[in-house]
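Colleague: I've got a structure open and I'd like to learn how to read it. Could you walk me through it?

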Amino acid sequence: MRRDSRAGLSIRAIQRKHNVGFRTVEKALASVWPAPRKPLPPRPSRLDPFKPLIDQMLRVDLDAPPKQRHTAKRIFDRLLEEHGAVQVSYGMVRDYVANRRPQIRLEAGRAPAEVFIEQTHQPGAEAEVDFGDVWIHLAGELTRCYLFSFRLSWSGKAVHRMFLTCSQEAFFEGHVHAMSVLGGLPTGKVRYDNLKPAVARVLGFSRRRVESERWVAFRSWAGIDAFYCRPGLVGAHEKGGVEGQIGWFRRNHLVPVPEVASISELNALIDQWDIKDEQRRIRMRTQTIGERFAHERTLLAPLPVEPFEIGRLLTPPVNMHGQISVRTNRYSVPIHLAGHQVRVMLFASHLVVYHNGIEVARHERLIAKGGARLDLDHYLEALAHKPGALPGATALEQARAAGTFTATHEAWWAAARRKHGDADGTRALIEVLLLHRRMEHRHVVAGMEAALKVGALTADAVALEARKIAQADDTPEPGPPPPRPERLARLDEPAVVSLTTRRLAQLPPDTRPLPSVAVYDQLLRRRTGGRPASEGELP
């Protein structure tokens, strides 16, 4: 506008060109600085007439005994009884008192202003740990997950891991993953808030904590010196580095909401993002995170040599349905174990079931309560005796949902029931399902398709066709075996070695011509007749 005015345009012409009013043009020509905006008037509230009364009560509390001061509830009751403030709610009074009480103490000089002191961290000395909430589209469903973050304070290098739960198993697994990536642990303190996997109880207003038993064993194994922040929001600034890191990571890598098929797929992406983040600089630092971490890595304490079992051992019984109950959820085991007691190793994302030291089942861990994860293969022996239970079995519905019981299985089953009857046709299907234990799933499905085309509705026919397909399957030829370590190289030598072969292998090549006996022919005397030679004569 000022440029147009200097060019000779009138105020009216400037108004038409920029589509503004007269006062806007007048202000633009009067000063290069825009006029400051007028503050908006405070929003009126039904509590406004009673705020002076509340302030007076809070000022009286400054000199009152500590145990006889107004609470928000007492102030609300006095407003109702003494001043008829029926239009005021308790929530309005509570929020105003929470904000106004510290201001009045500060105005009276009874409390210092809330300030923060900048800290300097030594390389390789400190770290911070925390969980953060994250929402993702997991297999098409919006799911709440938990992002574990382990951040070195000096370099800012952070290691992240996503879990479906923030249980103690996930807490330990996140630490082990961070230790393997960083190659060591801080020599000083690691800062935590009062999260349940580590802290069983906070003792008063002190720094003392009652730690969980397994956490004490884990940090003793790893050599972690834990430092616990103050409870609640008042202690969040004591580990502000990891608090800000989780927010930065969530905004820069998880917006928009990621869509993944599994947590493993998302964790593979997170590992790539962690490596990429080493190229950035934090605030005004002259070095990148990766450059500072390269120096800090050499100062970290070494990792423990012996392993630590991060899973939780449980010993549930197997009920009559061939299921065990773990954390309010049910999982199937082979039906012949009904009535036995098994050992379960529970991890953050899966669980493994053992019986007599042998693994008998492995399931993905369920997070919601009251769920069930059943494997159809675990019930085949029982279903062979009760074929009528298969059509409505919960394990069959889950197999259909997972895609392991395909449309080919359905078509083969329907054809077998039409030919052999419901019971015998179902038993034939169960025999086919048993083939999955010793043959690949795709080979069995292809064998069923081939048998279905020719009307061979028996398990033997499916097994024969599956073997043909497996043999004809083009599999890559195995490459040469990897070289053995030097201490095991002797195992590649033959068990028995000929001494002659060993000597010849060590001798230099012989370039001499082969010997001949032709020179000995002159010793032979030519015979003139057929008389045989007498004794003493040379032949």
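Predicted model: local features only at pLDDT ≥ 70, side-chain atom pairs only at ≥ 80, totals over all residues.

Colleague: Okay. How many helices and strands does the protein have?

Modeller: The count is 18 helices and 15 strands.

Colleague: And what radius of gyration does the protein have, against that of a compact globule of 539 residues?

Modeller: The protein has 41 Å, whereas a compact globule of that length would be near 24 Å. Along the principal axes, the C-alpha atoms fill a box of roughly 160 × 75 × 70 Å. Buried residues account for 36% of the 539.

Colleague: Now the sheet. In what order do the four strands of the open sheet come?

Modeller: Read across, the order is S9-S12-S13-S14, with antiparallel pairing. S9 (312–314) and S14 (358–364) are the edge strands; each has a single partner, so one side of each has no neighbour in the sheet. From one strand to the next, the twist averages 20°.

Colleague: How many bridges join S12 to S13?

Modeller: Four bridges link S12 (residues 343–346) with S13 (residues 350–355), and the two run antiparallel. If you want one to click on, arginine 343 has tyrosine 354 in S13 as its bridge partner.

Colleague: On to the rings. What describes a pair of aromatic rings?

Modeller: You use two values, the distance of the centres and the angle of the planes. Searching the whole structure turns up 18 aromatic pairs. One of them is phenylalanine 172 with phenylalanine 308, at 6.3 Å centre to centre with 85° between the planes, which is edge-to-face. Those two residues are 136 apart in the chain: phenylalanine 172 belongs to helix H7 (residues 168–182), and phenylalanine 308 lies in the loop between helix H11 (289–297) and S9.

Colleague: Is phenylalanine 172 buried or exposed?

Modeller: Phenylalanine 172 is buried, because its relative accessibility is 0% and the cut-off for buried is under 20%. Phenylalanine 308, at 24%, is partly exposed. Phenylalanine 308 also pairs with tryptophan 221: the centres are 5.3 Å apart and the planes are at 35°, so this pair is tilted. Here the separation is 87 residues, with tryptophan 221 in helix H8 (residues 213–222). Tryptophan 221 counts as buried, at 17% relative accessibility.

Colleague: Which residues do ring pairs link into a cluster?

Modeller: The cluster consists of Phe131, Phe148, Phe171, Phe172, Tyr192, Trp215, Phe218, Trp221, Tyr228 and Phe308.

Notes
Residues numbered from 1 in each chain as written. Heavy atoms only, no water. Pairing = 2+ DSSP bridges. Axes fitted to C-alpha atoms, helices over the stretch in contact; angles between N-to-C directions. Rg over C-alpha atoms; globule rule 2.2 N^0.38 Å. Buried < 20%, exposed > 50% of the residue type's maximum accessible area, 1.4 Å probe, protein only. Phe/Tyr/Trp six-rings, centres within 6.5 Å; stacked < 30°, edge-to-face > 60°.
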